[in-house]
Amino acid sequence: MEAPLPPIVTVLPDPATLAEAAAEHVAAQAATATAARGRFTIALSGGSTPKALYARLADPAWRDAIDWSAWHVFWGDERLVPPDDPNSNVGLAERALLARVPIPAAQVYRVPVDAGGRVAVARAYEAVLRRVFDLAPGAWPRFDLVLLGLGGDGHTASLFPGHPALDEHTRLVVGTPPGTLPPTLDRVTLTLPVLNTARAVTFLAAGADKAAVLRRVLAGAPDLPAARVRPVDGEVRWLIDAAAAGEG
Ligand code: 6PG
């Protein structure tokens with residue numbers, strides 16, 4: 001098996017140009033996937049960094065240039081709170097993007113946080129993935145694009161350093177307890193085999209507070225979950241601002 005390709009790192013001057021570059025990248029990935037396979041499957045990131053990207057995509061300049069009818073929207077992870085909670089990743093994306101673009105409602109697959117505790121929610125979301133991707137037993141869903149962020153401790157999605165979820169090799173979705181960084185909430189997350197089956201993974205990182213951990217991730221630090229996202233047959237791209245690149 002060939003070694004994964006090295007990450008593609010693009011540094012933008014500031015958060016606004018980062019959001020614009022990310023919107024251009026997502027729109028291009030969507031057009032390519034739709035032309036090739038008739039649909040675009042994307043896993044959205046949580047956290048605050050993608051807010052500016054979602055707002056750009058909802059802006060008429062991008063909204064009117066994208067074929068939203070082909071989008072199938074999932075989440076890379078979710079906190080176990082209702083969508084109207086300010087900590088909800090689903091709620092964040094709905095307010096900033098999904099309520100403002102014409103994606104067919106049946107193609108938006110919200111994490112079913114009302115299914116119970118984190119194990120029940122993880123199982124329920126895994127069932128959604130298996131249905132929508134029409135997976136045979138033992139198969140992994142191959143997302144066209146997975147958007148991810150980077151936590152200050154090197155976590156991504158809700159895969160935290162040292163957590164057994166990092167060694168999950170059977171489940172598509174697992175529950176994870178609160179990490180050490182706020183918000184300290186129970187979560188569910190896509191597992192590394194799912195992330196590493198994607199056609200493309202794009203990390204967004206902004207701000208000087210990410211510079212040190214980003215350097216370690218790009219150097220391949222084995223203890224950092226974000227460094228373990230290396231699709232076997234897909235690209236990893238980092239869209240970062242100058243501050244996160246340590247140039248600020
Ligand atoms: C989450 C996110 C998480 C996030 C990073 C970065 O649910 O917490 O999925 O992985 O992307 O913590 O968060 P910021 O963008 O807020 O820095």
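**Briefing: confidence, ligand site, salt bridges and a surface patch**

Within the protein, mean confidence runs from 97 in strand 6 (residues 173-176), the lowest, to 99 in strand 2 (residues 40-44), the highest. The model is predicted. Its pLDDT averages 96 over the protein, and 99% of the residues score at least 70. The structure includes a ligand surrounded by 16 residues and holds 14 salt bridges.

**Ligand site**

- The closest of the 16 surrounding residues are Ser 48, Thr 49, Asp 77, Ala 157 and Lys 210.
- Lys 210 places a side-chain N or O atom 2.6 Å from a ligand oxygen.
- Arg 79 has a polar side-chain atom 2.9 Å from an oxygen atom of the ligand.
- For Arg 187, the distance from a polar side-chain atom to a ligand oxygen is 3.1 Å.
- The protein buries 87% of the 420 Å² that the ligand exposes when taken alone.

**Salt bridge Glu 94 to Arg 110**

- The side chains of Glu 94 and Arg 110 form a salt bridge, with N to O at 2.0 Å.
- Glu 94 sits in helix 4 (residues 89-96) and Arg 110 in the loop between helix 4 and helix 5 (118-132), so the pair ties together parts 16 residues apart in sequence.
- Glu 94 counts as buried because its relative accessibility is 18%, under the 20% cut-off.
- Arg 110 counts as partly exposed, at 37% relative accessibility.

**Salt bridge Arg 171 to Glu 126**

- Arg 171 and Glu 126 form a salt bridge, their closest N and O atoms 3.9 Å apart.
- This pair links distant parts of the chain, 45 residues apart: Arg 171 is in the loop between strand 5 (145-148) and strand 6, and Glu 126 is in helix 5.
- Arg 171 is partly exposed, with 30% relative accessibility.
- Glu 126 is buried, with a relative accessible area of 6%.

**Other salt bridges**

- Glu 235 pairs with Arg 237 in a salt bridge, where the closest N and O atoms are 2.9 Å apart.
- A network of salt bridges links Glu 20, Arg 56 and Asp 59.

**Surface patch**

- Val 9, Val 11 and Leu 218 make up a nonpolar surface patch, together giving about 200 Å² of accessible area.
- Val 11 belongs to strand 1 (residues 8-12).
- Val 11 has a relative accessible area of 35%, so this residue is partly exposed.

Note on methods: Residues numbered from 1 in each chain as written. Predicted model: local features only at pLDDT ≥ 70, side-chain atom pairs only at ≥ 80, totals over all residues. Heavy atoms only, no water. Patch = residues over 30% accessible without salt bridge, like charges linked within 9 Å, V, L, I, M, F, W, Y side chains within 5 Å. Areas by Shrake-Rupley, 256 points an atom, 1.4 Å probe, with all protein chains shown as cover. Salt bridge = Lys/Arg side-chain N within 4 Å of Asp/Glu carboxyl O. Helix = DSSP H or I, 4+ residues; strand = E, 2+ residues; numbered from the N terminus. Buried < 20%, exposed > 50% of the residue type's maximum accessible area, 1.4 Å probe, protein only. Near = heavy atom within 4 Å. Polar contact = N/O pair within 3.5 Å; in protein donor to acceptor, adjacent residues only side chain to side chain. pLDDT = per-residue confidence, 0-100.
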